[in-house]
Every structure is written in C-alpha cells, then in structure tokens.
Amino acid sequence: MAKISLEKVKHSYLAQPAEPEDYALKQIDAEWQDGGAYALLGPSGCGKTTLLNIISGLLVPSLGRVLFNDTDVTKIPTTDRHIAQVFQFPVVYDTMSVFDNLAFPLRNRGIAEAKVQERVQEIAGMLDLEHSLRRRASGLTVDGKQKISLGRGLVRDDVNVIMFDEPLTVIDPHLKWQLRSKLKELHKRLGLTMIYVTHDQTEALTFADQVVVMYDGTVVQAGTPVELFEHPNHTFVGHFIGSPGMNILPCEVENGTVRCAGHTVQTASSGRPRADARKTEIGVRPEFVRFDDHGFPVEIVKVDDLGRYRIVEVRYADQRVKMIVNEDLAIPSETPRISFDPAATRIYADGWVVN
Amino acid sequence: MRIHKWLVPTLYIVFLMLPIYWLLNMSFKNTNEILGTFSLWPLDFTLANYRKIFTDPTWYNGYLNSITYVVMNTVISVSVALPAAYAFSRYRFLGDKHLFFWLLTNRMAPPAVFALPFFQLYSAIGLFDTHVAVALAHCLFNIPLAVWILEGFMSGVPKELDETAYLDGYSFWRFFVKIFIPTIAAGIGVAAFFCFMYSWVELLLAKTLTSVAAKPIAATMTRTASTAGYELGLLAAAGTLTIVPGAFVIYFVRNYIAKGFALGRV
C-alpha cells in the first residue's frame, strides 16, 4: 500500500508533440492517499485509461514523475510496481483453470502454496466462483470471466494499488450492483488503495470517497461527491454530475451586475470574470431553480413526471432551463416566472468558476 | 424432393472422389491389367506395388527426404514468423503497414522465377542437394504466409492479456512462451499446416535444388518408365502414399482449421 503522487505528468502518443492538443494528458498533478477509494470519472477519450496505464507503468509519461510513497517509480517496469489492474474487458488465461488463474499472481511472487489455497478460496467465495474453480476458464461466460479478472486483481494483499478500468461494463445490471457493493466492502475490510475508472456517475459516486473528474486531458476537479455536486469548479463537472445536469446559461457582466437575457441575476460569486474572458456563463442546478412571481418570464416546453418530482423544461429567448419541481408544488399555467437560488448560482468564465 | 436434396452433394463428392478412387484402384493392380483391361476394381488384387516402395531405397528415401525438408521448413517458418507477427500485431513502427503488405507480395511471383537464383546461389555455397536448401527456399513463400496467419490470430488476443501478465509478475519472454503461445496454439496449428502443405506439394524448387541425396518423392514419381518398362501400378501406389501425410496432418489440425479460418485470416 502506498501513497501515489503524480507530478506534472504529461503524455502524448505522438513522437514529437508540439501543440497542447497533441497531448492526451495535458498536465496532471494528483495525489492519491494510502487506503483511499477513488473514482476517476470522465467521458470516453478524456485520458482516464492513459492515466491508469501511467500509474501501472504500462506507459511511460512523456514528461513528469510518478511517485509511490515519495519514491520515483517513473522508470520502473510494471512487474516491479506491485500493482493490480482490472481491464474493461475480461482478460483470462484461457489455457488455465479458474483456480490457476486466480492463483497466478500469487504463485508468480513465490507465495507458499498453503497461503495461495487460502487466498484463492477466500476470493472465490466472495465472487461466488467456488463451484467453477476446477473448470477451464475458456468455457465461462463473459461475466464469469470478468469475475476472474476482478478476483485476480483482488487476490494479492500486498499491492500498492488496485486499479479498475471500467470493470463492470460487460456485467449485467443486477450483478453489477452486487459486485460494486462487494468491492466497496472489500475496500473497507482490506484498506487497499483503489482507483476506479468509470464514465458512469452513479458508479463513481457510490463507490468512491473522492471523485476525480477528468475532461479533455486535465483534472477539472477532485473532491467528495457532495463537493462536486454543490460546488462544481467547471461547467463540465456541473453538467456531467447530477441528473439532469447543471443549467449553463450565457450571461453578460457589466459594472458588476450579471444579466441573463436582460434580467439581473444574483449569484454567489463575489468576484467578477477577467475582462479578457471569451465566454461568461452562469451555472445553476435544476434543484435550485424555482417558480417565482418576481422572477423573469419563461415559457414551459415540457414536463416529465418522475413520481416524487417533476422535471420541467422551460424556455426564455433561445435558452432552455431544466428545473426540478416537487410533486406537491403546482406548476403555474399562465405567465410562469422563474428565479435562481442566489446561493447556488455561480459565474463561470471560459468554463471555470469565478468565486 | 428428399432425393433432390442429396443429389447435388452426392454428385459433387463422387466427382471429387473419383480420381482418388481410381488412383487407389490402380495401385492394387499390376501394370498389365491397367493397360490391358478396363475394370472398376482390381481383378487381380496385388500388394506388390506397395511392397516395392517400402523395400526399395530409391522409393522410400523420396518420402524420407520430403518429410525431412518439409518438417525443417515448417519449424523454421513458424519460429521465425512468431516474433515477426507479434511485432506487427502489437507495435506501430515506421512503415509497418507497407512492410506487412510487402511480405505478401513475395508470394505473388511464381516459384519458377526463383529457381535459377536459388540454384546458382546454393551451388555456389555448397548447399545444393541438401534438405536445408529446399527448406530454406520454401521459407521464402511460407514465412510471409505464416506471419499473415499468426498476425490475424494475435490481433484477436487483446493487448490487455500482455499487460495483465506483466502486472501479475511475468517478464516478456515468460509471458510469450508460457501464456501467449498456448493462447494462440490454434493459430500456430493453422500456420504450421499451411507451411506443411505448401512445402509438401511444391515440386519445382524441390526438384531443381536436389539431385540424389535429397530428392523428393514428387520428383521420384515423375519418372514414368524405368528399365522394366511402364510401372503404372507402382506410380499409383506412390501417389496414394503421397496423399497420406496431408490427410494425416489435416486430421490433427481439423478443429483448429475451422477455428482458424474464423479467427485468423488466410
């Protein structure tokens, strides 16, 4: 187990990167505490897998250093980093039995056979694989194989970190839920550092204590799920986390007053964007938009009834705003007006929050 | 209706099997019967032809020579193609696609083109009339083929398998030998089969590069007449025996072949 730090890590798949766009990872500075459960969240192609491969040593970063417990491991090969990684698609050694697959990482490190037996039985028990231990791995279904991959990741108790690269994509929804709880439980019991990569916010928010959101090769925000929800640092985080995502509306800032389509809006941001900002927006979550006779006029586009609450989509000028309205509140039928909760409305300049 | 369904395949199989049956039929007859009468089965059944082949060194050495260079060629081709195919399937390097295609173009020239240069070269360095000469000459055609087949199979194995093995503590070579090769065993079987078959049926280079010591069976069979006159029965028996190794090899890789055609590409 170890603390993992990334210092100014940049990576490009090109031989001679020149433009910032050539980098798959723009610049990452991150610290992963020993024993933490982290989720790495971001859309496909944002560099999550690249980052994992750099930590595991399958890739050497173009620039920057990787440290395990303050020791530089940037040039140390994967084999010596003591890391477990589970990939998106099952990787099993088809020629071996399920038992041998699970025992493989242990036997390679010269662990006594009695201990191997014990660990494999334990892990197999947790993943409901006891009955297929003697079978050949090649005959199993996709989720069976993926369970083996997970088991092989979990079987060693001396690893620095276990990394999961969207491990539950191929698993059916019911089992997904179970396995995720198992992982969470294992994390509590073993106290291993775990990094879980996903593009599914529910998965990230339920698994991790700390969520790191990546976008376009950079870390846009790292924090607890609550922080990400309440104080998104970047419009991407606001939009990506939450269902529906944060409303992002263009606005003008003049003499310290914020206006949206001509209506003055109060915000929690005390600062003001720099004069050279190319784009200014306000961000407000649907939870903090309400009907208010003193607000500005809108037109109702559609109402989705989700039982306990409704998602109402309204329109002003050419902007659409989503709002969440509890089932016990009426939706005004004539001349609806809305306002934003000032405490939860922030200004974003070029995507980044203005505090 | 039911008869019609069977009619076409039956006709087709009969059409395919007829020459083989006729060969087998002739191999149990003596030359007089072959030349003198028309009969659908041997009237005077004899095993003399086969006895002759198994006892006369000029005949059975042909088989031994052929098998020797074919096996040598298969082993060389597959073991050279394995690392090459791995490189093509796992790494991107300058000109990789062109090089890969260029490999295939080696198969586009007829073997006759190479007969003269090989003959001259091998005579000059003293390899003429050895098994190695033929085995090496056939590599020119078989290595590209084996690389193509193996690359197809290897690309079907996810790169994550390699990465997982490193994570689990294997070095590259241990991974390659202990995990990767068993995983693509089917591909190796198919590649070996194709190398074997090509080398086994190729006549021109094999005949050009040998005279006595390494003379292949196919070359021996081209002499239709000897001092004893026509020996058609004997030739038929030799032909029958020449089919056997191919059938034998196909039998062993039959499951792999089906899987191989689906997974790799040929």
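Let me start with one term: two residues are in contact if their C-beta atoms, placed from the backbone, lie within 7 Å. With that in hand, hello everyone, and here is the structure. It is a predicted model, where local features need pLDDT of at least 70 and side-chain atom pairs count only at pLDDT 80 or more, while totals for chains, interfaces and linings use all residues. Residues are numbered from 1 along each chain as its sequence is written, and chains are lettered from A, with ligands numbered from 1, in the order in which they are written.

Chain A comes up now. Among its contacts with a separation of 6 or more, 66% are between residues 24 or more positions apart. Its C-alpha trace spans about 75 × 50 × 30 Å along the principal axes. Its secondary structure comes to 8 helices and 22 strands; here helices (H or I, at least four residues) and strands (E, at least two) are DSSP runs, numbered from the N terminus. Of the 355 residues in chain A, 41% are buried. A residue is called buried if 20 or more other C-beta atoms lie within 10 Å of its own, exposed if 12 or fewer, and partly exposed in between, again with C-beta atoms placed from the backbone.

Please find strand β8 of chain A, residues 194–198. Is this strand mostly covered or mostly open? It is mostly covered, with 5 of its 5 residues buried. A:M194, A:Y196 and A:T198 point one way, A:I195 and A:V197 point the other way, and all are buried.

Which strands does β8(A) pair with? Strands pair if DSSP finds at least two bridges between them. Strand β3 of chain A (residues 37–41) pairs with β8(A) in the parallel sense over 5 bridges, and there A:A39 has A:Y196 as its bridge partner. Strand β7 of chain A (residues 161–165) also pairs with β8(A) in the parallel sense, over 4 bridges. From β7(A) the chain crosses through helix α5 of chain A (residues 173–190) to β8(A), in a right-handed β-α-β crossover. Right-handed means that, with the strands pointing away from the viewer, the path from the first strand over the helix to the second runs clockwise.

Next, the domains of chain A. Chain A is divided into domain 1 (4–235) and domain 2 (246–354), with bounds from an automatic or database domain assignment. Their centres, taken over C-alpha atoms, are 38 Å apart. Domain 1 of chain A puts 4 residues into the contact and domain 2 of chain A puts in 8. On the domain 1 side there are 1 nonpolar, 3 polar and no charged residues. In this scheme Ala, Val, Leu, Ile, Met, Phe, Trp, Tyr, Cys and Pro count as nonpolar, Asp, Glu, Lys and Arg as charged, and the others, Gly among them, as polar.

Over to chain B, which has 13 helices and 2 strands. Its C-alpha trace spans about 75 × 65 × 30 Å along the principal axes. Buried residues make up 35% of its 266 residues. The assignment for chain B gives domain 1 (1–46) and domain 2 (56–263), and 32 Å separate their centres, taken over C-alpha atoms. Each of these domains of chain B gives 8 residues to the contact. On the domain 1 side, α1(B) gives the most, with 4 residues, and the residues of that side divide into 4 nonpolar, 3 polar and 1 charged.

Now for the cores. A nonpolar core is a set of buried Ala, Val, Leu, Ile, Met, Phe, Trp, Tyr and Cys residues joined through C-beta atoms within 7 Å. The largest one has 121 residues, and B:L150 and B:A191 touch the most other members. Helix α7 of chain B (residues 131–155) supplies its largest share, 15 residues. Apart from this core lies another, of 19 residues, including A:V284 and A:V314.

Last, where do the chains meet? In this model, 18 residues of chain A are in contact with 14 residues of chain B. On the chain A side, β6 (83–86) and α2 (98–108) each supply at least two residues. That side divides into 9 nonpolar, 6 polar and 3 charged residues.
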